[in-house]
Structures are given as structure tokens and as C-alpha cells.
Amino acid sequence: MPRPKRPRHIISPPAVDSFGPRGFRGDPLIILSLEEFEAIRLIDYTGMDQSEASTIMNVSRQTVGRILKTARIKVARALVELPRIRACFET
């Protein structure tokens, strides 16, 4: 049985719920969770290190590293394959 998920703290939700190429309406679609958005925002946008971000998000540094890795893979895929990115507001 897996451990229960600790509540993550999200300071700033995305201003928009999706981002993608202009005029694109179909598949594929990449879903970015709020915790992935927050990890990218804190580390890549504001320049925090993983230990600072882990304190703000109320998770371990290793967890932030895993979240950040999956978020970066999704963003890189979006840049290469040009699908739409959609923020998932459910945690």
C-alpha cells in the first residue's frame, strides 16, 4: 500500500489554463499538474534551488526533484512536438 500523498503548497496557480500554438485545437494535449507548474515556476522562473522550493511546497527535496523532472520532460516535449499544454487544477 503506497504512502498517503502529503498536501503540496501552491503559491500561485497559472494565470491561464492552457498554452499552445495559435489556432491549434486538436490533439495531442499535455497535462501539467499544479505541482509541476509550481516546481517549474519556483526553480526555473524565480531561480530558487530545490531545497528552497521543497520548503515552500512542503515536500522533500527529492520529491521536488522528481516533480521537476517530469515537468521539464513535458515542457520539452511541448516545445518539440508542439502540442497544447493544459494545467490540471486538481491535485
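Buried means under 20% relative accessible area, exposed means over 50%, and partly exposed is in between (1.4 Å probe, protein chains only). The model is predicted: local features need pLDDT of at least 70, side-chain atom pairs count only at pLDDT 80 or more, and totals for chains, interfaces and linings use all residues. Residues are numbered from 1 along each chain as its sequence is written, and side-chain values use heavy atoms, with hydrogens and water left out.

## Helix α3

Helices (H or I, at least four residues) and strands (E, at least two) are DSSP runs, numbered from the N terminus. Helix α3 covers residues 61–81, which makes 21 residues. From first C-alpha to last, α3 reaches 30 Å, close to the 30 Å expected at 1.5 Å a residue. The expected span is 1.5 Å times one less than the number of residues.

Which residues of α3 are buried? They are Thr-63, Val-64, Ile-67, Leu-68, Ala-71 and Ala-78. These residues cover an arc of only 125° around the axis, so they sit on the same side of α3. The arc is taken from the directions from the helix axis to the C-beta atoms.

The face turned away from that buried side carries the exposed residues Arg-66, Lys-69, Ile-73 and Val-80. The buried residues of α3 pack against four elements: β2 (29–33), α1 (34–45), α2 (50–57) and β3 (84–88). Contact here means heavy atoms within 4.5 Å.

## The nonpolar core

In soluble globular proteins, nonpolar side chains tend to be buried together. A nonpolar core is a set of buried Ala, Val, Leu, Ile, Met, Phe, Trp, Tyr and Cys residues joined through side-chain atoms within 4.5 Å. The largest such core has 15 residues. Which of them touch the most other members? Ala-39, Ile-43, Ala-53, Met-57, Val-64 and Leu-68 do. The elements β2, α1, α2 and α3 each give two or more residues to this core. Helix α3 gives the most, with 5 residues.

Met-57 has a list of contacts beyond four places in sequence. Pro-7, Arg-8 and His-9 are among them, as are Glu-35, Glu-38, Ala-39 and Leu-42. Met-57 also touches Val-64 and Ile-67.

## Salt bridges

Side chains of opposite charge can pair when their charged atoms come close. A salt bridge is a side-chain nitrogen of Lys or Arg within 4 Å of a carboxyl oxygen of Asp or Glu. A search of the whole structure finds 4 of them. The table lists some of these pairs.

| Pair | N to O distance |
|---|---|
| Glu-36 and Lys-74 | 3.0 Å |
| Glu-38 and Arg-41 | 3.1 Å |
| Arg-77 and Glu-81 | 2.9 Å |

Glu-36 lies in helix α1 and Lys-74 in helix α3, so this pair ties together parts that are 38 residues apart in sequence. Glu-36 is buried, at 6% relative accessible area. Lys-74 counts as partly exposed, at 25%.

Glu-38 and Arg-41 are 3 residues apart in helix α1, so about one helical turn separates them. Glu-38 is buried, with a relative accessible area of 0%. Arg-41 is buried too, at 17%.

Arg-77 and Glu-81 are 4 residues apart in helix α3, again about one helical turn. Arg-77 counts as partly exposed at 36% relative accessibility. Glu-81 is partly exposed at 48%.

## The sheet

Strands of a sheet pair through backbone hydrogen bonds, either parallel or antiparallel. Two strands count as paired if DSSP finds at least two bridges between them. Here an open sheet of 3 strands has the order β1-β3-β2, with mixed pairing. The edge strands are β1 (18–19) and β2, each pairing on one side only. Strands β1 and β3 run antiparallel and are joined by 2 bridges. Ser-18 has Arg-86 of β3 as its bridge partner.

## Positive phi in two loops

Most residues other than glycine have a negative phi, and most peptide bonds are trans. Asn-58 is not a glycine, yet its phi is positive, near 65°. Asn-58 is found in the loop between α2 and α3. It is partly exposed, with a relative accessible area of 28%.

Leu-82 is not a glycine either, and its phi is positive at about 60°. Leu-82 follows α3 and has its place in the loop between α3 and β3. Is Leu-82 buried or exposed? At 51% relative accessibility, Leu-82 counts as exposed.
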